[in-house]
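Here are some notes for a colleague who is meeting this structure for the first time. They are set out as numbered points, to be read with the sequence and the model at hand.

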Amino acid sequence: MSFISKLFSSASRSFCAISAMLRLSPALFATAMPGYAGATDAGLLTEDAFLDALPIVLSASRLPQSIDNAPIATSIIDRNMIVASGFTEIPDLLRLAPGFIVNYDNGHTQAVGYHMLHDQYSRQMQVLVDGRSVYEPTVGGVPWTDLALTVDDIERIEVIRGPNAASYGSNSFTAVINIITRHPVLERGVTLKANAGNNGLREGFLRYGGNHRSFDYRITTAWREDEGFDDRFDDKTVKLFNFRGDYALDLANTLMLQLGHSSGSRDADNVFDELIPPHTRNVYGQFQQLKWTHTVSADQEFYVQLYHNQNKDTNDFVTTPIAALGGAQVLLDERRTSNRYDVEFQHRLRPAAALRLVWGASARQDEVNAPAFFNTTRTLDNRIYRIFSNAEFAVTEKTLINAGVSYEDNDIAGSYTSPRLSLNHHFSRAHTARLSVSRAYRAPFLFEHEPDYRFPVPIPNNVLFFDGGDPDPEEITSYEIGYIGSFPRIGASLDAKLFYDRLEHLITYMGVSNPLGLDGTAAFFDNLDNVTIRGIELSAQYQPGDRDRIHINYTHQEIDGTDNTSKGQYSIAGPSDNLNLLASHDFDHGYNASAGFYYLSKMKQLATNDIRGEQKRLDLRFARTLASGGNERTFALVIQNLFDDEQETRLKNNIDRRIYASFAITFR
Amino acid sequence: MRLARGIAARLMLALLVMLPLAAPAANEEGMARILFVASQRSASYTEFITHVQQTLDTGNPRMPGNDTLFADDLSASPAPDPQQDLVVAMGTRAAQALQEWQPRTPVIYTLIPEMTFEELRQSGRLPCHEDRCTAIYIDQPLERQVRILHAAFGHRRIGVLLGPTSQRYRGPLEDATRRYKLSTATAAIEDAEGLLPALQNMLEQVDVLLALPDPLVYNSRTAQSILLTTYRYKVPLVAFSKAYTDAGATLSVYSTPRQMATQTAAIIREFLHGERKQLPAPAYPERFRVQINRHVARSIGLDFADTPEFLSIMKESNDE
């Protein structure tokens, strides 16, 4: 979908922010427990060797003991859940996290929001892939389809449900999504996978994993095509390649290198404006990432990381005849290229038995070339410098304080400080309470900062978007009272939180009269709205035995918004009730069945202020895995939206009932 | 600060050891008191104490009131002989603190590795007089580990890395593997630099790696490399703590502080209310857990489906 088409739609939008940092996962941070080396001064073996925790290397686990020490409610979507869900697109996996809303603007542009999904640019969350921030810096949003990553590359997703800019940088506004890919040591031999389904879904996946001495690597290439929504012109093809290599230089030093490339075509239409004819865009994405980690001990580690992301979108098309121009047709060229370069250093240490610290610094340069959006062929850039520190202090054996702060200096948004403070009290090993308060900012994106979009006709009053002054960063203040309980006797755990989030200075655009405007009006971005969200969120897991797993998440919330522009009403941008449930059972002889149920009460549609009714979706997956020798074959049948709920999630977007079959084979 | 802490510790100590004197009436009625000495202020020790207490309380409302000291407090100041009927020393540092203190009360040493207990006892300074002393080790008997390994993997070649500390297991290990007719390869590790080459060399020759605790070989710094390397060679690692399976080892055999607490409580009961009022001989934990990292096991092509003996050991050990 072209930019201009969005402009003519009645959708509200403001564009996304920048920046982010990775932090070592809270899980890892919390795992290195009290650490003596397991020996006394006299060289005696002590019980510490048996009792101390270790950094988790190869685990698909939900890391249960660490979550109750995390400063903010955290959920893990692990490999088992990913497989059981039957989802084939990465953003859909976030339906498995509490309070998340996933929607499609069209068959290839997805949007994800936590508690609220205001429009198609999910710009208020940080999204990291192995510590690499994947935001698109021009207009914002995450190019989910172009990440050069497949669902099968993902080991787990850690979802931090709250602002955590102190740890993860300025986009860590309503939530942080940490996608962790599979370590190459887990992949050996050749894996082939094919999916075929009834909306034109054709997917092929080929992976080779191997090693040379202490260098483990995997190479994945994949191809996908589908026909998107029935009533839309939104077919896509995706071709991607990625590589990850991990080299252990010695006991203390490791190097990780990742490379990726994706390309494909995207059919685009505009159901709101007949000016835009159906046409096809081409997109390209690539990234490189290099990370060196030096481990001194379980309590002390350094890393240095470099990465580069590039996104390219060639989107040019000729409009339908425009009556006002005497039936002339106009070429719109919305090509854009963005580059992000980032370097980060981090040091984790434990200066005293009760105190763990992490601190670091990063520098980032975003470069954007998008002539239609900024009315210049010049490349624009934005630099962001950041320092951060987090401390975990065990006040007593049962009480933990987490405190973090980051200071960021952003060329276009100025400088700001984001603090976070929380207190976790363990009433016992199984019951923990948490109080947390956090503030974070979202810096404006380049297009929010200096838009200059003109309709390409040689008349003076051709302005659609103008630079109306620099919007301030959006600001969130979040309060949370949480409880984390584990009930090992019945194999259950519960995470509950009461939350109150105040979001201020939200950036939206508004049309105003402007003599240079195409029809006497033009739009600009400003801090127009404030929102408060309060509610309760529950997340429970039940695993009665090795064969059964049940995950249930439920959120009830109330949203108050100022709704100062008609372009997008925040107060209806989230459901009052959000429920999801995933259950799976392993039968004998390699059979497995799973079911996912996803419910959202009514809320506004994605691109408009029209209300859509409640949405219910039931997905089923049946699979059989046969293993012989080192080889493994899996057959699966997945039915999505079994009851064929007809609710449109956006004008003309309904997933209908979809069925696909899958076959995978691994030769080791 | 240090001074203040010292005074506080002294006061506390004086109060604690004197407490029973203040309640002689209770003592006459058979309300024995136990003094717990913990090596550190951390969850494993607290959990242990809580569980001992709960087990003793169950069905016996008149069971002892207890006191707790930490090894640091004891070493900070000399203390009078405890008035409690029994001391439970948890961990190595607690045992060392008792070496300094030399109480004449009977002692149960627990949460302590077997070799460390033996070493301290052989030094002659550990308060441990005949039937007035016992131990419940934290580690597993080698025979048990080899039996489980045999049940899980059959007749496979076992590799063991022996560091300066675990060298002492060499003899018992050979005895245990001989009993199950398993062939063993061992490699001696003398320094950290030699670890990875020796590990790689060993993984070329063996089917299973059995980890025996040794601070030089298995520590939080080496864990990641060892786990990745064994995984690379598709050789399952059988380890000695829950942390190892959580982190990525295929299998672990270990006893939880709770399991050891149950056993300790039984000994306490027998000692306080039994007829002979003496402590048994030092022993390994009776109960243990076998934990599999299924994710790792599956990735290296193991599902244990056709090892009924192993599955029954696992089921039994995990039914608590």
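1. A definition comes before the first helix: the expected span of a helix is 1.5 Å times one less than its number of residues. Please keep in mind throughout that this is a predicted model. With that span in view, helix H3 of chain B, residues 43-57, has 15 residues and reaches 21 Å from its first C-alpha to its last, which is close to the 21 Å expected.

2. Which residues of H3(B) are buried? They are Ser44(B), Tyr45(B), Thr46(B), Phe48(B), Val52(B), Thr55(B) and Leu56(B). The cover over these buried residues includes, from chain B, strand E1 (34-38), strand E3 (86-90), strand E4 (107-112) and helix H12 (257-273), and it also includes helix H3 (48-51) of chain A.

3. H12(B) has 17 residues and reaches 24 Å from its first C-alpha to its last, close to the 24 Å expected at 1.5 Å a residue. Its buried residues are Pro257(B), Gln259(B), Met260(B), Ala261(B), Gln263(B), Thr264(B), Ala265(B), Ile267(B), Ile268(B) and Phe271(B). What covers them includes E1, H3, E3, E4 and strand E5 (133-137) of chain B.

4. For chain B as a whole, the secondary structure consists of 14 helices and eleven strands. Of its 320 residues, 49% count as buried. Among contacts in chain B between residues at least 6 apart in sequence, 74% join residues at least 24 apart.

5. The largest nonpolar core has 101 residues, of which Val37(B), Ala89(B), Met90(B) and Ala211(B) touch the most other members. Why does this core lie between two domains of chain B? Domain 1 (2-138 + 259-273) and domain 2 (142-254 + 288-318) both give residues to the core, so it lies between them. Leaving out residues up to four places away in sequence, Ala89(B) touches Val37(B), Ala94(B), Ala95(B), Leu98(B), Val107(B) and Tyr109(B). A second, separate core has 93 residues, including Met81(A), Phe100(A), Val134(A) and Leu147(A). In soluble globular proteins, nonpolar side chains tend to be buried together.

6. Turning to chain A, its secondary structure comes to eight helices and 35 strands. The radius of gyration of chain A is 25 Å, close to the 26 Å that the globule rule gives for 668 residues, so chain A is as compact as a globular protein of that length. Taken along the principal axes, its C-alpha atoms fill a box of roughly 90 × 55 × 45 Å. Buried residues make up 53% of the 668 residues in chain A, and residues 24 or more positions apart account for 63% of its contacts with a separation of 6 or more.

7. One sheet of chain A deserves a look: five strands form an open sheet in the order E1-E6-E7-E4-E5, with mixed pairing. Its edge strands are E1 (74-78) and E5 (132-133) of chain A, each of which pairs on one side only. Within the sheet, strand E4 (residues 125-129) and strand E7 (residues 175-181) of chain A pair in the parallel sense over five bridges, and Val127(A) has Ile177(A) as its bridge partner in E7(A).

8. Asn641(A) has a positive phi of about 55° and lies in the loop between strand E34 (631-640) and strand E35 (658-667) of chain A. Is Asn641(A) buried or exposed? Asn641(A) is buried, because 20 other C-beta atoms lie within 10 Å. Phe304(B) has a positive phi near 60° and is placed in the loop between helix H13 (294-299) and helix H14 (308-318) of chain B. With 17 C-beta neighbours inside 10 Å, Phe304(B) counts as partly exposed.

9. A last point concerns Lys239(A), which is in strand E11 (residues 236-248) of chain A. Lys239(A) is partly exposed, with 16 other C-beta atoms within 10 Å. Leaving aside neighbours within four places in sequence, Lys239(A) is in contact with Trp223(A), Ser262(A), Ser263(A) and Gly264(A). Lys239(A) and Phe50(A) are 189 residues apart in sequence and 48 Å apart in space, C-alpha to C-alpha.

Conventions:
Residues are numbered from 1 along each chain as its sequence is written. Chains are lettered from A and ligands numbered from 1 in the order in which they are written. This is a predicted model: local features need pLDDT of at least 70, side-chain atom pairs count only at pLDDT 80 or more; totals for chains, interfaces and linings use all residues. Helices (H or I, at least four residues) and strands (E, at least two) are DSSP runs, numbered from the N terminus. A residue is buried if 20 or more other C-beta atoms lie within 10 Å of its own, exposed if 12 or fewer, and partly exposed in between; C-beta atoms are placed from the backbone. Two residues are in contact if their C-beta atoms, placed from the backbone, lie within 7 Å. A nonpolar core is a set of buried Ala, Val, Leu, Ile, Met, Phe, Trp, Tyr and Cys residues joined through C-beta atoms within 7 Å. Domain bounds come from an automatic or database domain assignment. The radius of gyration is taken over C-alpha atoms; the globule rule is 2.2 Å times the number of residues to the power 0.38. Two strands pair if DSSP finds at least two bridges between them.
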